[in-house]
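Here is a structure to look at from the side of its ligands. Keep it open while you read.

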Amino acid sequence: MLISGGGRTLKNLIELIAEDQLPVEIALVIASSDKAGGLAHAAAAGIPHSVVQRPDYASDELFGAAVFSRCRTAGVDLVVMAGWLKLTPVPDDFIGRVVNIHPSLLPAFGGQGMYGDRVHKAVLARGCKVTGLTVHYVDNEYDAGPIIWQMPVPVFDDDTSHTLADRVFEAEKEAYPHVLRLLQAGRVKLAEGRVRIGRGHRAAGSEMPAE
Ligand SMILES: Nc1nc2c(c(=O)[nH]1)N[C@@H](CN(C=O)c1ccc(C(=O)N[C@@H](CCC(=O)O)C(=O)O)cc1)CN2
Ligand SMILES: NCC(=O)N[C@@H]1O[C@H](COP(=O)([O-])[O-])[C@@H](O)[C@H]1O
C-alpha cells in the first residue's frame, strides 16, 4: 500500500481486516515521506513499512522502479495507492495490478495539481451539485487509467472544502474496501480499456448496492 500523508485509508483498511470484514493482507506499506503520519498506523498494526522519497531519485522512472522493486520483493499481488501523491510510472509486470482512489468523479477534477483539498475547492468553485469518488487502475499518467468504480456524493450549499472532503471520505471508506473485495473475487474484468464487473454474490459485510 502506498501512502504520502495521514493514511486514513490505510487505517480504515487495517480496522476492517481486524474485524474480519476484508479478507486481504497488507504485506507492505511504502510512504513517499518519512514524515507521513500513516507510517504510525502501519507500525501499530505490525505491518512492514518503508520510505521511498522522490528527491532521492533522478527521474520518475527510477523512483517508480524503486517503489515497485520493493513491492515485487514483498510478493505483493495488488498495489493500492491511498493518498499517494507522486507520479509513479508502472512497470510492465504491475500493469493491471495497481489501483488508486481519487476524490472526484473522474475525468472531472483530475490530473496534475488535483489532490486532497484542492479537488474539493475546485468542485465548490465550479458550483457543482454532485461530486464523488473514483477508483481506477493506474497507468503512467495522473488519474487517466480505466475506471473501476464510482460513487456520487451530494454537494450542499453551505459546504466548505472541509465538510465536503469529510463527506467524500466517508464514501471512500465504503467504496475502496468494496472494490478490493470485487478484485479479490476476480469480478473486475478489464478489456479494451474498459472495466466491467462480473456477476457474483454480494460480499458479506458490504453495504454497497448490488451491480
Ligand atoms: N502513474 C500514476 N501515478 C499516480 C497516479 C496515477 O493515476 N498514475 N495517481 C496519483 C494520485 N493522484 C490522484 O488520485 C494525484 C496525486 C498527486 C497529484 C499531484 O499533482 N502531485 C503534485 C506533487 C504533490 C506533492 O508531492 O506533495 C505534482 O505532481 O506536482 C496529482 C494526482 C498518484 N500517482
Ligand atoms: N489525488 C489523490 C488524492 O487526492 N487522494 C485522496 O487523499 C485522501 C487520503 O489521504 P490520507 O490518507 O493522507 O488522509 C483521500 O481522500 C484520497 O481520495
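Predicted model: local features only at pLDDT ≥ 70, side-chain atom pairs only at ≥ 80, totals over all residues.

Residues are numbered from 1 along each chain as its sequence is written, chains are lettered from A and ligands numbered from 1 in the order in which they are written, and side-chain values use heavy atoms, with hydrogens and water left out.

Q: Which side chain has an N or O atom 2.8 Å from an oxygen atom of ligand 2?
A: A polar contact is a pair of N or O atoms within 3.5 Å. Ligand 2 has an oxygen atom 3.2 Å from a backbone N or O atom of Gly7. Its nitrogen atom lies 3.2 Å from a side-chain N or O atom of His102. The side chain at 2.8 Å from a ligand 2 oxygen is that of Glu172.

Q: How much of the area that ligand 2 exposes when taken alone does the protein bury?
A: Accessible areas come from the Shrake-Rupley method with a 1.4 Å probe. Taken alone, ligand 2 exposes 450 Å². The protein buries 89%.

Q: How many polar residues are in the shell around ligand 2?
A: A residue is near a molecule if one of its heavy atoms lies within 4 Å of it. Around ligand 2 there are 14 residues, and Gly6, Gly7, Arg8, Gly116 and Glu172 come nearest. Gly counts as polar by definition. The shell has 5 nonpolar and 2 charged residues, and its polar count is 7.

Q: Which residue has a polar side-chain atom 2.3 Å from an oxygen atom of ligand 1?
A: Ligand 1 has a nitrogen atom 3.3 Å from a polar backbone atom of Leu85. An oxygen atom of ligand 1 is 3.0 Å from a side-chain N or O atom of His102. The residue at 2.3 Å is Lys86.

Q: What share of ligand 1 does the protein bury?
A: Ligand 1 exposes 710 Å² when taken alone. The buried share is 84%.

How values were computed: Polar contact = N/O pair within 3.5 Å; in protein donor to acceptor, adjacent residues only side chain to side chain.
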